[in-house]
Amino acid sequence: MTTLSVQTPHTNAFPPGATSLPEASAVSSEHSVSIRDLSLSFGAVTVLEDLNLDIHDGEFLVLLGSSGCGKSTLLNCIAGLLEPTDGQIFIKGRNVTWEEPKDRGIGMVFQSYALYPQMTVEKNLSFGLRVAGLPKEDIAKRVARASAILQIEPLLQRKPAALSGGQRQRVAIGRALVRDVDVFLFDEPLSNLDAKLRSELRVEIKRLHQQLKNTMIYVTHDQIEALTLADRIAIMKSGVIQQLADPVTIYNRPKNKFVAGFIGSPSMNFLDGELAEEGGRPVFKTNGVSFLLDGYSATEPLTPGRKVVLGVRPEHIKVDTDIAGEEVHEAIVDIEEPMGADNLIWLKLAAHTLSVRVGGARRYAVGSKVRLGFDMTMASLFDAATEERI
């Protein structure tokens with residue numbers, strides 16, 4: 001087994017061998033957090049490489065990706081829990097690359113609640129402030145404010161063992177709030193909760209951001225959390241940000257095939273084929289079937305013969321009575337999945353399996369034939385070789 005060593009932050013404010021901090025001239029005052037050419041390696045393993053990111057003041061940014069993509073590593077670098085191999089980190093225009101976590105002006109909420117079991121909620125909230133030597137009156141005001149915002153006033157004299165999972169996470173968030181900082185960091189804070197509780201706390205975190213208007217950086221692998229919470233989403237893969245945009249752009253105009261496939265449940269449908277032209281109109285061909293590309297907004301010319309992948313989300317495929325003048329194709333129902341408000345059907349078309357979302361009241365027998373129409377205004381085309389959107 002190979003053991004990876006983790007570098008710990010320097011105790012001084014300067015990089016080894018330096019006598020002053022690098023200039024922050026490239027950092028705009030409108031950015032709450034700026035990351036410049038950040039790299040981090042553990043031995044021969046590179047986790048982050050030349051990463052650049054600007055986070056606006058008051059923005060809710062979500063770092064989204066699968067396990068091992070580098071999102072938590074990036075958050076820990078911002079927090080000062082990991083020291084980068086190269087690059088710089090600025091918070092409110094100040095270079096904090098080599099500063100201790102306590103000096104960075106951040107509050108952090110972890111996946112685990114990490115509450116002191118022998119202390120009451122009030123003592124847990126105030127512990128860090130008491131250690132820092134703040135006046136009792138100031139501590140009391142901060143605890144009262146945080147508990148009011150999070151609606152945990154009735155719980156202040158309880159100990160963690162007497163709290164539910166959701167209440168414990170509220171206390172963990174409150175412990176960050178009492179620090180009265182500009183930037184809050186969340187490292188998958190809801191992943192230990194059940195689905196119903198996650199949904200409820202997601203709403204509370206959204207409301208918290210709207211009320212406080214602080215900068216929040218939130219790490220998750222849950223795309224629903226990302227789409228519902230974020231002002232912008234940074235989708236990461238292998239330590240590289242694949243796309244940074246608002247949720248609507250991420251969902252409807254993914255930059256590449258990876259982003260398109262990662263966002264959406266079920267995933268976007270992908271059909272391999274090539275571009276062609278019929279009657280002077282661009283078409284997509286796959287396994288002998290042609291699809292008109294009328295209405296598709298391309299970023300470059302659709303050259304006939306080019307190998308591409310057509311991506312269409314389940315809700316952008318219209319079935320039977322929903323079709324209104326579109327090009328029509330016939331498919332066979334393979335599987336039906338009733339999901340309450342929606343009904344997901346899996347179809348066979350031109351040797352491809354497609355998922356289609358329809359209303360929950362509509363039912364289709366396995367083996368029956370249905371008529372389909374693709375909404376090409378909402379479709380995506382990707383180059384087969386580079387997988388970039390065209």
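**A walk through the predicted model**

Isoleucine 235 sits opposite glutamine 243 of strand S10. Together S9 and S10 make a hairpin, with two residues between the strands. Serine 238 lies in the turn and has a positive phi of about 50°.

Next comes a sheet. Five strands form an open sheet in the order S13-S12-S11-S14-S20, and the pairing is antiparallel. Strand S13 (289-292) and strand S20 (380-383) stand at the edges. Each has a single partner strand, so one side of each is left without a neighbour in the sheet. From one strand to the next, the twist averages 40°.

Strand S14 covers residues 307-312 and runs antiparallel to S20. Four bridges join S14 and S20. Here leucine 310 faces its opposite number, leucine 381 in S20. In a regular strand, side chains alternate between the two faces of the sheet.

Now turn to the helices. H2 spans residues 121-131, and H4 spans residues 165-177. The two pack at an angle of about 30°, with their axes 8 Å apart. That angle makes H2 roughly parallel to H4, because angles under 35 degrees count as roughly parallel. The crossing of H2 and H4 is right-handed. From H2, the residues Val121, Asn124 and Leu125 meet Val171, Gly174 and Arg175 of H4. The residues of this contact divide into three nonpolar, two polar and one charged.

Helix H1 shows how burial looks along a helix. H1 runs over residues 71-79, and eight of its nine residues are buried, so the helix is largely enclosed by the rest of the structure. The buried residues are Lys71, Thr73, Leu74, Leu75, Asn76, Cys77, Ile78 and Ala79. After H1 comes glycine 80, with a positive phi near 90°.

Finish with a single residue towards the start of the chain. Histidine 31 belongs to strand S1, residues 31-42. Is histidine 31 buried or exposed? Its relative accessibility is 11%. Buried means under 20%, so histidine 31 counts as buried. Which residues does histidine 31 touch, not counting those up to four places away in sequence? They are Asp54, Ile55, His56, Asp57 and Lys92.

Notes:
Residues numbered from 1 in each chain as written. Predicted model: local features only at pLDDT ≥ 70, side-chain atom pairs only at ≥ 80, totals over all residues. Heavy atoms only, no water. Pairing = 2+ DSSP bridges. Axes fitted to C-alpha atoms, helices over the stretch in contact; angles between N-to-C directions. Buried < 20%, exposed > 50% of the residue type's maximum accessible area, 1.4 Å probe, protein only. Contact = heavy atoms within 4.5 Å. Parallel < 35°, antiparallel > 145°, perpendicular 65-115°, else oblique. Left-handed = near helix turned anticlockwise from the far one by under 90°. Nonpolar A, V, L, I, M, F, W, Y, C, P; charged D, E, K, R; others polar.
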